[in-house]
Amino acid sequence: MSAEHRSAFERDAECVTQMHVARQGTVSPEMARVAEREELPAELIRDEVARGRMIIPANIHHEALDPMAIGLRARVKINSNIGNSPTSSSLAEEVSKLTVSERWGADTVMDLSTGKRIDETREAIIDAATVPIGTVPIYQALERVHSIEDLSGDVLVENIAHQAAQGVDYMTIHAGVRLEHLPLCQHRVTGIVSRGGGILARWMVAHMSENPLYERFDDILDICARHDVTISLGDGLRPGSIADASDAAQFAELKTLGELTLRAWERDVQVMVEGPGHVPLDQLEMNVRKQQELCHEAPFYTLGPLVTDIAPGYDHITSAIGAAIVGWHGTSMLCYVTPKEHLGLPNAEDVKQGLIAYRIAAHAADLARGDRRAAQWDRELSKARFSFDWKRQFELALDPETAQAMHDETLADDYFKTAEFCSMCGPKYCPMHNFKDIDWDAVRDAVSARKRDRVATPTA
């Protein structure tokens, strides 16, 4: 974001959000850039942002940001989670994961650091990131106190203000977890699986008081309006297992998130709503439709969902299945899941594998939603495949290096880059090769002759 643009916005100290600008009828530089990237009219982007159906996470302090949009009229986006833990990873490793995330197509990146040097890690990530950066501020707030019970509304709000000033573009705020919702979780198979939701539940039970993020939501909106931080309303009571999917706790929180969405929009603060992590196939469409109804078409941002619980080590696959389907039905951003989900902190290779799985899911959703660019990409690759233009196939592949490496395992010589077969079928059995040898004039003549014979010799 240019210094000139920041100065113009900073003259209006009360509210500098993209929604505020859009509601004034102005197309901001960020909206113009989104229009270019999405190949849509700038006025359409402005109207969608003003309506709340599209967001442009763009903190005024994030210097390196290349603005992007999340919403129903945009292509389906992907988020990558990175961040250190109390037991693993370093600053250099997390910046490396950011680079890997951008290399393999992450549209946003969340820094979920919970270990040491949280501020330094975040600052290094924001300085390097061209994509929006998200956080969960309660994690760092917890590092400032001795125990969960020592948290307070002041500590939470101060930390949100601190991260906003650093340049964080969007923050997960678990303001929808209410004290009255907690009994609904009592008989769940996996209880509360959200870290933020679990922290707040323990605090509320200890103090028998309402969620401080809910109580201080207006203060949070003040901060977000001044820095243009998008609120990602966290699903602290999301189901952590198929058995708990679509239960009363999940939907009670979702109703509250809808109410908070309207409160944010009253202050021109951008909002998206986070969605469930484990949902069987037959409930996916219903979950998307319910969120769109209760949350007034605010962009939906889902973790997966995983459609089965039985595959630890392969949950980038179990979740990408669900992600493709919810993307088709209207989810605007998909939070990737790596093979390490439920097992450990992902490394750079896990990040790559999760992103590849989710780029496939997002592209499949774009195809189903009628995106012409997605359809053209598929068509061009299919034409290259049928032409046996191996080099063009590799160029168009989602992961060109892996595609070529797999081909070259058995047919490495340059001669085979123009061969009309691969090692699966060879030249004799290749159906496309055989198809090309068909004399179509002869086929048409034969078909016409058979039709004439049937007319000349009717059956008894």
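The lining of the largest cavity divides by class into 5 nonpolar, 4 polar and 4 charged residues, where Ala, Val, Leu, Ile, Met, Phe, Trp, Tyr, Cys and Pro count as nonpolar, Asp, Glu, Lys and Arg as charged, and the others, Gly among them, as polar. The model is predicted, with local features needing pLDDT of at least 70, side-chain atom pairs counting only at pLDDT 80 or more, and totals for chains, interfaces and linings using all residues. Residues are numbered from 1 along each chain as its sequence is written, and side-chain values use heavy atoms, with hydrogens and water left out.

## Cavities

Rolling a probe the size of a water molecule over the atoms shows where empty space is left. On a 1 Å grid over the protein atoms alone, a cavity is a set of points where a 1.4 Å probe fits but cannot get out, while a pocket is an open set with protein on both sides within 12 Å along at least five of seven lines; lining residues have an atom within 4 Å of a point. Grid points are joined across faces, edges and corners, and a volume is the space filled by probe spheres set on the points.

The whole structure holds 3 cavities of 30 Å³ or more. The largest cavity is lined by 13 residues, and those nearest its centre are Asp 235, Gln 250, Leu 254, Glu 274 and Pro 276. At least two lining residues come from each of α12, β8 and α13 (284-294); helices (H or I, at least four residues) and strands (E, at least two) are DSSP runs, numbered from the N terminus. Helix α12 gives the most to this lining, with 5 residues.

The second largest cavity has a lining made up of Val 136, Pro 137, Ile 138, Ala 141, Leu 156, Asn 159, Ile 160, Thr 172, Ile 173, His 174 and Leu 213. Two or more of these residues come from each of α7 (137-143), α8 (153-166) and β6 (170-173). By class, 8 are nonpolar, 3 are polar and none is charged.

## Pockets

In the largest pocket, 39 residues form the lining, and Asn 81, Leu 112, Arg 195, Arg 238 and Glu 341 lie nearest the centre. Elements that give two or more residues to this lining are β3 (77-82), α9 (195-207), β8 (271-275) and β9 (300-303). Strand β9 has the largest share, 3 residues.

The second largest pocket is lined by 17 residues, with Leu 381, Arg 385, Leu 396, Ala 397 and Leu 398 closest to its centre. Here α15 (348-368), α16, α17 (390-396) and α18 (400-408) give two or more residues each, and α16 gives the most, with 5 residues. The classes are 9 nonpolar, 4 polar and 4 charged residues, whereas the lining of the largest pocket has 16 nonpolar, 17 polar and 6 charged residues.

| Space | Volume |
|---|---|
| Largest pocket | about 900 Å³ |
| Second largest pocket | about 460 Å³ |
| Largest cavity | about 100 Å³ |
| Second largest cavity | about 60 Å³ |

## Helix α12

After α12 comes Asp 268, with a positive phi near 65 degrees.

## Aromatic contacts

Rings of Phe, Tyr and Trp (its six-membered ring) pair if their centres lie within 6.5 Å; planes under 30 degrees apart count as stacked, over 60 as edge-to-face and the rest as tilted. The count is 3 aromatic pairs. One of them joins Phe 386 and Phe 435 edge-to-face, at 6.0 Å centre to centre and 70 degrees between the planes. This pair links distant parts of the chain, with Phe 386 in helix α16 (residues 372-386) and Phe 435 in helix α20 (residues 431-436), 49 residues apart. Phe 386, Phe 435 and Trp 440 form one aromatic cluster.

Phe 386 is partly exposed at 33% relative accessibility, and Phe 435 is partly exposed at 40%. Buried means under 20% relative accessible area, exposed over 50%, and partly exposed in between (1.4 Å probe, protein chains only).

A charge sits over a ring if NZ of Lys or CZ of Arg is within 6 Å of the ring centre and within 35 degrees of the ring normal. Lys 436 lies over the face of Phe 386, at 5.1 Å from the ring centre. Arg 103 lies over the face of Trp 104, at 3.9 Å from the ring centre.
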